[in-house]
Amino acid sequence: VRRLAPVRLRQLLGVVLDETQNEAQVKKYDYMCRKLMLKEGDKVVEVGSAWGTMGLMMAKKFGANVVNYGLVDEQNRVMRERVIKMGLQDQVKIVQRDCRELGHEKERYDKYVSLGVLEHAGKDCVEDWIKNIAQALKPGGIGVITNVGHYSRYHTDYIIGKYIWRGCYFPSMGDIFKYCEKHDLHIVDLEDTHFLYADTMEVMLAKMLEHWDKIQAIDPQVFNERFRRIWMLYYLGSIEGFRSKHSALQTFQYTFVKGRGDVYPKTREFLYDQPF
């Protein structure tokens, strides 16, 4: 950190972006909706809400009916407030439920989505996660999962597993393929976007440093100098990890269909509305 920080952080804080972080996030969510081929009336289950933007977009812009599985009290509270503010109570339902209960809703959903959540399932829960998706999707149903992972199996980095995302596990592409095949989910599109995630984390680090005084004021005992240094190390290490030719760290976007039905477009042209 001492070696990287002085020069690199000056670059981060001085960078001028062509678009804001929020604008980039909205574009990403819209892209995910197109991957799902969302249409009015679709029954969608989303696992993990962040602060609800993806679920709200699916309902408001695309006319979908969304059920969100979320375990974080504060995120659920914020999302409920946003649902009410936007008048989407008839289209968006939030349930505080473990995603491994999803399989009880047999073939109920047309679409499934989880963005950056699978990593938090833990090493021994990846197959359960995928099995429950398969049970909840209708035949021909479409799903999208994004996650940090590897091509092969690796141990989670010590600092991330101990200090950042406790109990997390970055699953291998090989395991995802194996479990999808076992549970009749067929991958129709795959992207590796680690270079984009490095750019995102640069912005996140710059935002943390820019607003550190406000963050610290929320709770000085929690957001102390030790916290700041741990997260600086995490951000800087991850940025270099996603860019280094010696690293195995990736981020994946999997799109899959339940069953072997011919339901997905033959080319990717439909994803790229102009201008994009």
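Predicted model: local features only at pLDDT ≥ 70, side-chain atom pairs only at ≥ 80, totals over all residues.

Q: What makes the radius of gyration of the protein chain agree with that of a compact globule?
A: For 276 residues a compact globule would have a radius of gyration near 19 Å, and the protein chain has 19 Å, so the value agrees with the rule. Taken along the principal axes, the box filled by its C-alpha atoms is roughly 55 × 45 × 40 Å. The chain comes to 10 helices and seven strands, and 46% of its 276 residues count as buried. Among its contacts with a separation of 6 or more, 77% are between residues 24 or more positions apart.

Q: Why are α8 and α10 called roughly antiparallel to each other?
A: Helix α8 (residues 194-210) and helix α10 (residues 225-243) pack at an angle of about 160 degrees, with their axes 8 Å apart. Angles over 145 degrees count as roughly antiparallel, and the two helices are therefore given that description. The crossing in which α8 passes α10 is left-handed.

Q: Which residues make the contact between α8 and α10, and how many of the residues in it are nonpolar?
A: On the α8 side, the residues are H194, Y197, A198, D199, M201, E202, M204, L205, M208 and L209, and on the α10 side they are R228, W231, M232, Y234, Y235, L236, S238, I239, F242 and R243. By class, 14 residues in this contact are nonpolar, two are polar and four are charged.

Q: Which residues of helix α5 are buried, and what covers them?
A: In α5 (residues 126-136), the buried residues are V126, W129, I130, N132, I133, A134 and A136. Their cover includes the strands β1 (43-47), β4 (109-115), β5 (137-149), β6 (185-192) and β7 (250-258), together with the helix α7.

Q: How do you know whether P171 is buried or exposed?
A: A residue counts as buried under 20% relative accessible area, and P171 has 1%, so P171 is buried. The place of P171 is in the loop between α6 (158-164) and α7 (173-182). Leaving aside residues up to four places away in sequence, P171 touches L118, E119, V126, N147, V148, G149, H150 and I176; of these, V126 is also one of the buried residues of α5.

Q: How many residues apart in sequence are P171 and V188, and what is their separation in space?
A: P171 and V188 are 17 residues apart in sequence, and their C-alpha atoms are 19 Å apart in space.

Conventions: Residues numbered from 1 in each chain as written. Heavy atoms only, no water. Axes fitted to C-alpha atoms, helices over the stretch in contact; angles between N-to-C directions. Helix = DSSP H or I, 4+ residues; strand = E, 2+ residues; numbered from the N terminus. Parallel < 35°, antiparallel > 145°, perpendicular 65-115°, else oblique. Left-handed = near helix turned anticlockwise from the far one by under 90°. Contact = heavy atoms within 4.5 Å. Nonpolar A, V, L, I, M, F, W, Y, C, P; charged D, E, K, R; others polar. Buried < 20%, exposed > 50% of the residue type's maximum accessible area, 1.4 Å probe, protein only. Rg over C-alpha atoms; globule rule 2.2 N^0.38 Å.
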